[in-house]
Amino acid sequence: MDLTLKIWRQKDAKSKGKFVTYQISGISPDCSFLEMLDQLNEKIISENSDPVDFAKCPVSFDHDCREGICGMCGLFINGRPHGPDEAITTCQLHMRKFKDKDTIVIEPWRSKAFPLIKDLLVDRSAFDKIIQAGGYVSVNTGGVPDANSILISKHNAELAMDAAACIGCGACVAACYNASAMLFVSAKISQLALLPQGKVEAKERVQKMVKVMDKLGFGNCSNTYACEAECPKLVNRSNIARMNREFLSAKICSEKETQQIAGV
Amino acid sequence: MTTLNSKVPEGPIEQKWSNYKSHGKLVNPANKRKLDILVVGTGLAGASAAASLGELGYNVKIFCYQDSPRRAHSIAAQGGINAAKNYQNDGDSVYRLFYDTVKGGDYRAREANVYRLAEVSNAIIDQCVAQGVPFAREYGGLLDNRSFGGAQVSRTFFARGQTGQQLLLGAYSALSRQIAKGTVKLYNRRDMLDVVLVDGKARGIIVRNLVTGEIEKYFGHAVVLCTGGYGNTYYLSTNAMGSNATPIWKAYKKGAFFGNPCFTQIHPTCIPVHGDYQSKLTLMSESLRNDGRIWVPKKKEDAEKLRNKQMKANDIPEEDRDYYLERRYPAFGNLVPRDVASRAAKERCDAGYGVGSGFAVYLDFAESIKRLGRETIEARYGNLFQMYEKIVDENGYENPMMIYPAVHYVMGGLWVDYNLMTTVPGLYALGECNFSDHGANRLGASALMQGLADGYFVLPYTIADYLADEIHTKRIPTDSKEFNETEKEVKDNIENLKSINGKQSVDTFHKKLGKIMWEYCGMGRNEAGLKKALELIPELRKDFWKDVKIPGGTDEFNPEIEKAGRVADFLELGELIVRDALNRKESCGGHFREEMQTEEGEAKRDDENFAYVAAWEFNGLNAEPVLHKEQLEFKDIKIAQRNYK
């Protein structure tokens, strides 16, 4: 395959970025999208005429496991997070989804809460901060009951697993025109709300996590469900409904008590 | 020559660990606050260790090269985690898990460590459930189990095909809780580039900030490496792209002995290689061998037609299929340990029965689908079938999948004693980066078990034994002589690499190294090949230092710099792997010396001469490393030829 690539290049957060066009030929349809970028970088290195001009240096992008589970990769390809295939990450996208002579536009995630680091790389530590606000069950190591003493219905375990499948890639935020993180946040809240272990702190958890989510600059749910459509792990939008329900009931049920605990 | 002291406690094996815990030294809470611990790596071992140490009250700093601790490659483990719960009433026990693990490792692991691992395995499951890990459940609400290779009981707990992900997210949540509390401080996008020794003890690390390129220095009363395996020495492996050996390699060069480097695990069920541009290989969980049957054609002419695409797998009638694992190993069938399954696949392909490119065998679900229905198979392995389809563009439900062995895991790593301390005082190694528990071959679902055992339940006890004597050690300023010297070494190394300004990319060298390793030190090894590799690797290393090209600056985000440092280390480590393989003139587990096999082609161990851990000591760049031996004693298991027939 011969391709034209329009890639967003930006030296760092402070510099101004621009699209740079590259041509690449002889790409196998069986190779992955990131392997195509590897080949582009090889070409850039071999032609590298100016060691300092960053546009003549390899393109930077995040990636690690390359099997769709670590959540590190994430490119905005032809206007879609993770590109034109369904239910996959960028690293699992293969070139057979494109046609010979195609032009492919590659951008980073765009969201105020994900500041750009370089080229196609963004800082997603906002997601870590949301989890730090309450995305856990407060148990220390040791001194916990026997695993089979906590009974969980198969149905709920499956629903919790569906939500827990989130890989924290940020495609939901990139897909949403409000840059809402609600699919991500609701996935963790749902997983824990569905399990008896998580119920104990459910009220405080939802309030703390939503508070931090809002503070970090993520927008509100736009109700277009673009997040669900682009989620590589098919996390369901019903999780957002569950989060809203949890949030409301936490507010209504024991407003005073939870306000004291959560400090809202 | 130093004699290695494994510090295994006295007493009967089933009492060693409880005695140790009852009599070990402790650090009181007020003193814990005065002690700093550096943890490198945020996988199962690192995240669980940092969280547990933070809970205890130590000051912990944790480092990872990824953007978030949740990305560590433990996340990619699919199949499950073993524990001796015996929930299935099928005869499991701590002793049996211990026995299976030692036998599975072909009697090259330290008994006491493995027994402790089996002993704490149950607590891991309890801990993970309490954290909200959504393990698979039965209809009555109890936990479900599946079988894995090398065991005749069902002791593997799982969360669909994403067990590693769920366990890691559990550990990550515990870690996040401590980060929020301030007991653990997170440093992401940092590459550890060296360890700092003060008076012979590990006292700090040097890291590169991957975003700014700055070199940073951190002090700790102890340093805990949880940096994973070195499978990427082979270039193509199932490891993550960033998985590297630099932290343990620098530790080796600072005096930590390297244990059994040649024990690498080639996993039988991976998606076959499909092109030169390939960057990594993808594993398909071993759990697939529960329901999938492995076969190749019985007739060579059929295999040839399949390779030439003149025929399809489903065209081959049942009587013309060779289910070679079931044929050779009737007792364990498709569930033989990984090393056995991998070698059997290689044997068939080398003999001309391979399909696909010639280096692939079939993994067939037709019979299971007929017996259980497609829905059941989909519920069990749906995500794996989807992954296969995305990569290969074929439907695994309708046609047999094609698989071939690939480098997956390393049993070797830094030598550690019973406390998980390396030969450098204050420097610990946990999880895959140590050598300790899996001998010459790791059983499926045991890596997750080991990572979490080390982090949650072993290190928090054993580190106190060391730190109890460190409560009077004041924090050493990071502008002291030792820190500055190591910092200079690190900076010089980067400058040297950058100044070569040659013609070939880092990846080019990495690929070349991978080819040498796979060809001469892969599934089959022999003296002539290994000697050849010992000539080729130093030549390649020389070329690298003459001709590597690294574009871009050193003071910015620059993956080429990161990769260059890592490949420079792989080029040294590769040689040690080969040297160790050459030294070990026996076949055991994943290490198959072609000269040492039975008439049926099975691995032939030499217990008289090689029942030891080979611990290598660095002896300068241009000198051969020194071999130390830790003799292995088997008091609680009768050592025998492994038999899965």
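This is a predicted model: local features need pLDDT of at least 70, side-chain atom pairs count only at pLDDT 80 or more; totals for chains, interfaces and linings use all residues.
**Entry 1: the interface**

I looked up the area buried between chain B and chain A, and it is about 6400 Å², with carbon and sulfur atoms giving 51% of it. Buried area here is the accessible area (1.4 Å probe) that two parts lose on being put together, summed over both.

Residues are numbered from 1 along each chain as its sequence is written, chains are lettered from A, and side-chain values use heavy atoms, with hydrogens and water left out.

I then looked up the contact (heavy atoms within 4.5 Å). Chain B gives 76 residues to it and chain A gives 74 residues.

I looked up salt bridges (a side-chain nitrogen of Lys or Arg within 4 Å of a carboxyl oxygen of Asp or Glu). The rule finds 10 of them across the interface of chain B and chain A. I noted a salt bridge between the side chains of A:Arg96 and B:Asp393, at 3.7 Å from N to O.

**Entry 2: two loop residues**

Which residue in the loop between α4 (94-104) and α5 of chain B did I look up? It was B:Tyr107, which has a positive phi of about 55° although it is not a glycine. Helices are DSSP runs (H or I, at least four residues) and so are strands (E, at least two), numbered from the N terminus. At 1% relative accessibility, B:Tyr107 counts as buried. The cut-offs are under 20% relative accessible area for buried, over 50% for exposed, and partly exposed in between (1.4 Å probe, protein chains only).

I also looked up B:Arg160, in the loop between β4 (156-157) and α6 of chain B. Its phi is positive, about 45°, and it is not a glycine. B:Arg160 counts as partly exposed because its relative accessibility is 22%.

**Entry 3: helix α8 of chain B**

Just after α8(B), B:Lys309 takes a positive phi of about 60°.
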